Amino acid sequence: MTTPHRLTLTQFLIEERRRFPDASGDFNSLILNVALACKSIARKVACGALLEGGHGDVGGAVNVQGETQKEMDVVSNEVFLQVNEWCGCLAGMASEEMESPYQIADCYPKGKYLLVFDPLDGSSNIDVNVSVGSIFSVLRAPMGEAAVTEQDFLQAGAGQVAAGYAVYGPATMLVLTVGNGVNGFTLDVNLGEFMLTHPAMQVPADTSEFAINASNSRFWEPPVKRYVDECLAGRTGVRGKDFNMRWIASMVAEAHRILMRGGVFLYPRDSKDASKPGRLRLLYEANPIGFVIEQAGGRASTGRQPVLAVQPSSLHQRIGLVFGSRHEVERIERYHNDL
Ligand code: AHG
Ligand code: MN
Ligand code: MN
Ligand code: MN
């Protein structure tokens, strides 16, 4: 036997597929396409202000969320569409940057999966050169040849076939779950390959770090106020230990930190804007990150129920989200149930 070597993402997927001898290979092809899209976006992100078009706003463009689009939101969305459309494994796609589902062009074969993505997460801060990322979720498509509809995408997160994210930080990493734990791959820029560097990632059950946008505190519900107040009280309070607070405003970067060393992230439902029950989007932010975190032994919740159990009602639905170290998320859920 030769010396064991680091697996590439392709080799990892081939080994995973050996568990399913009847698999067609479509799924592996899809994940490799997603990885290719992420590599392409990583290169554009790394160019910074040198990128043609730059990292600034698109002249006046606003997406379906009412957010000003950055040039890189639009470019990253295009990359995801172009790279994944041709592969023959998708029946349709949906994204933060598109109001309605995207139909696969007639010139390409259609397949049995749906791809949902946030092409660039944390993009409002891309011009200050913090870590940003892409988030993706793979769902099963309904059978048949008909065009995909919004309804086809409204599946609870527990039904995801796979999910993950790429984080464009000092190193580019791809973190993936296919429902069998979580594995992290680091981009070897010389080979252009994602290499398995973080097998079987686990979120520690306990932590003394939390992440929340504290400027919203006056809009929080009582259980969230209670939790944060107790953390801030530190070692002299009921928690009996000091906490650190972290806030990058780029959820992928927060999720990655929590996956690496524990912590809890909250973007809870609040009373800031009655039309928005939470900030983050269920289908392409909360569900894929929730699936990754739970597959790593952490927990993801709305505060009231597991996020993966929520039946979505619309493509761009927003939701309160709490995820991370299991014991902290369970505590926050208890505080919600106490009311
Ligand atoms: P996106 O850049 O895809 O629109 O998502 C931004 C999200 C998330 O990354 C982050 O946690 C949150 O918005 C930041 O919200 P604040 O503006 O409240 O900091
Ligand atoms: Mn956005
Ligand atoms: Mn996002
Ligand atoms: Mn985004």
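L13 touches N28 and I31, leaving aside residues up to four places away in sequence, where contact means that the two C-beta atoms, placed from the backbone, lie within 7 Å. This is a predicted model, in which local features need pLDDT of at least 70 and side-chain atom pairs count only at pLDDT 80 or more, while totals for chains, interfaces and linings use all residues. Residues are numbered from 1 along each chain as its sequence is written, and chains are lettered from A and ligands numbered from 1 in the order in which they are written.

**Helix α1 and its cover**

L13 is placed in helix α1, helices being DSSP runs of H or I with at least four residues and strands runs of E with at least two, numbered from the N terminus. L13 is buried, with 20 other C-beta atoms within 10 Å; a residue is called buried if 20 or more other C-beta atoms lie within 10 Å of its own, exposed if 12 or fewer, and partly exposed in between. The C-alpha atoms of L13 and N33 are separated by 12 Å, and these residues stand 20 residues apart along the chain.

In α1, which spans residues 9-17, L9, F12 and L13 are buried. They cover an arc of only 95° around the axis, and therefore lie on the same side of α1; the arc is taken from the directions that run from the helix axis to the C-beta atoms. The elements covering the buried residues of α1 include α2, β8 (172-177), β9 (182-188) and β10.

| Pair | Angle | Axis separation |
|---|---|---|
| α1 and α2 | about 160° | 10 Å |
| α2 and α3 | about 150° | 9 Å |

The angle between α1 and α2 makes them roughly antiparallel to each other, a term for angles over 145 degrees, whereas those under 35 count as roughly parallel, 65 to 115 as roughly perpendicular and the rest as oblique. The crossing of α1 and α2 is right-handed, which is the word used if the near helix is turned clockwise from the far one by less than a right angle, left-handed being the word for anticlockwise. On the α1 side L9, T10, L13 and R17 meet N28, I31, L32 and A35 of α2. By class this contact has 5 nonpolar, 2 polar and 1 charged residues, with Ala, Val, Leu, Ile, Met, Phe, Trp, Tyr, Cys and Pro counted as nonpolar, Asp, Glu, Lys and Arg as charged, and the others, Gly among them, as polar.

Helix α2 covers residues 26-46 and helix α3 residues 71-85. Their angle makes α2 roughly antiparallel to α3, and α2 passes α3 in a right-handed crossing. The residues in contact include N33, L36 and I41 of α2 and M72, V79 and F80 of α3. By class, the contact of α2 with α3 has 10 nonpolar, 4 polar and 1 charged residues.

Most residues other than glycine have a negative phi. A200 has a positive phi of about 50° although it is not a glycine, and is found in the loop between β10 (193-198) and β11 (209-212). A200 is exposed, with 11 other C-beta atoms within 10 Å. A249, also not a glycine, has a positive phi of about 65°; its place is the loop between β12 (244-245) and α6 (251-261), and A249 is partly exposed, with 13 other C-beta atoms within 10 Å.

Helix α7, residues 282-295, is mostly covered, with 14 of its 14 residues buried. Just after α7, G297 takes a positive phi of about 85°.

Notes
Axes are lines fitted to C-alpha atoms, for helices over the stretch in contact, and angles run from 0 to 180 degrees between N-to-C directions.
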